[in-house]
Amino acid sequence: MTTAALEPRAGRRCHNMLNSLHSTHYFSPDLGRELGALGVTDPRAVNFAVRAAAFGPVGAGPVAAAFYNYKYELVARHVPAVWETAAPAQVLAARARAVDATLRRLLGEEALASAEMAEAARLALRAAEACSRAARPLYAAHADLPVPENPHLAYWHAATLLREHRGDGHLAALMSAGLDGLEAMVTHTATGKGMTPKWVCATRGWSREDWDAATERLRERGLLDASGDLTERGVALRREIEEATDRLDRAPYEHLGAEGVARLTELGGVFAHAALVAGAYPADLIGKGDA
């Protein structure tokens, strides 16, 4: 019996579905409530704390390095000070409570208790077995955390592992392409699939002057045209980056197999669509909108 070959972009499509659900908690009022109860009230501090807590009480340097596209000065404003307010273990527990509440609100109790959710958790955890810790700090830190017992939380945990694994590899591809953190954001926004300049500046600590300077550097390299759109060279570079990311992230999906990847993509798409319809994301999050 022959096994179907994994189509080149199958892993990317599967990741997109999983990451969509993973990302819901960053925009959830439940996260702000849970962290606020610990005394962490600044939205930026919340963001740094929940994603970096798996590292332990680290300083600004490792967080800025692993997050890549945040301005260092913004990171340093909140890290390591946030750990004086809430220890990493407290943050991780609060994050789990927020994710639980968010998924219950967005998907409903029936979906969380369904056979499909349990199946998705099994498939995603199976894929994550083939992830590699080497040179992948955010994945490696989260891989050391225990797998939750409840299927919906196990699914979210596995989605997080796969998301951070791909993300760590993506940073290697960006560095190889010669794009710094903000330049990477500008080129992604120029594709129409990234965050709007408004959200980039509001969440990453960059100013309009920083954005314009990065845009000018990209124009000088021939990657953006006068209107801020990608040139043919810019389109080709973004394609090369995504293909390099796919290669670095292929192992989990090859391990799961073509049929498993297709099924996980199908299930993940159902959950991600339900979250979208339930209002999981801000309406102005994605696009080329004005800064």
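User: What should I know about the model before we start?

Analyst: This is a predicted model, in which local features need pLDDT of at least 70 and side-chain atom pairs count only at pLDDT 80 or more, while totals for chains, interfaces and linings use all residues. Residues are numbered from 1 along each chain as its sequence is written, and side-chain values use heavy atoms, with hydrogens and water left out.

User: How many residues are in the largest nonpolar core, and which have the most contacts inside it?

Analyst: That core has 37 residues, and Leu107, Tyr155, Leu162, Leu264 and Phe271 have the most contacts inside it. The elements that give two or more residues to this core include helix H7 (88–107), helix H11 (151–176) and helix H17 (258–277). H11 gives the most, with eight residues. A nonpolar core here is a set of buried Ala, Val, Leu, Ile, Met, Phe, Trp, Tyr and Cys residues joined through side-chain atoms within 4.5 Å. Buried means under 20% relative accessible area, exposed over 50%, and partly exposed in between (1.4 Å probe, protein chains only). Helices (H or I, at least four residues) and strands (E, at least two) are DSSP runs, numbered from the N terminus.

User: What is leucine 107 in contact with?

Analyst: Leaving aside neighbours within four places in sequence, leucine 107 is in contact with Leu21, Leu112, Met117, Phe271, Ala274 and Ala275. Contact means heavy atoms within 4.5 Å. A second, separate core of 27 residues includes Val40, Ala45, Leu74 and Ala98.

User: Back to H17. Which of its residues are buried, and what covers them?

Analyst: Among the buried residues of H17 are Val261, Leu264, Leu267, Phe271 and Ala275. Their cover includes H1, H7, H9, H11 and H16. As for length, the 20 residues of H17 should span 28 Å at 1.5 Å a residue, and the end C-alpha atoms are 28 Å apart, which agrees. The expected span is 1.5 Å times one less than the number of residues.

User: And tyrosine 281, where is that?

Analyst: Tyrosine 281 lies in the segment after H17 and is partly exposed, with a relative accessible area of 22%. Tyrosine 281 and tyrosine 26 are 255 residues apart in sequence and 9.1 Å apart in space, C-alpha to C-alpha.

User: Changing topic, how many of the residues of H12 are buried?

Analyst: Nine of the ten residues of helix H12 (residues 181–190) are buried, so this helix is mostly covered. The cover of its buried residues includes H11, helix H13 (197–204), helix H14 (208–220) and helix H15 (232–248).

User: Which backbone angles deserve a check?

Analyst: The peptide bond from valine 79 to proline 80 is cis, with omega near 15°. Proline 80 is in the loop between helix H5 (72–78) and helix H6 (82–85). Two residues other than glycine have positive phi values: tyrosine 68, near 75°, and alanine 135, near 60°.

User: Are those two buried or exposed?

Analyst: Tyrosine 68 is buried, with a relative accessible area of 17%. Alanine 135, in the loop between H9 and H10, counts as exposed at 76% relative accessibility.
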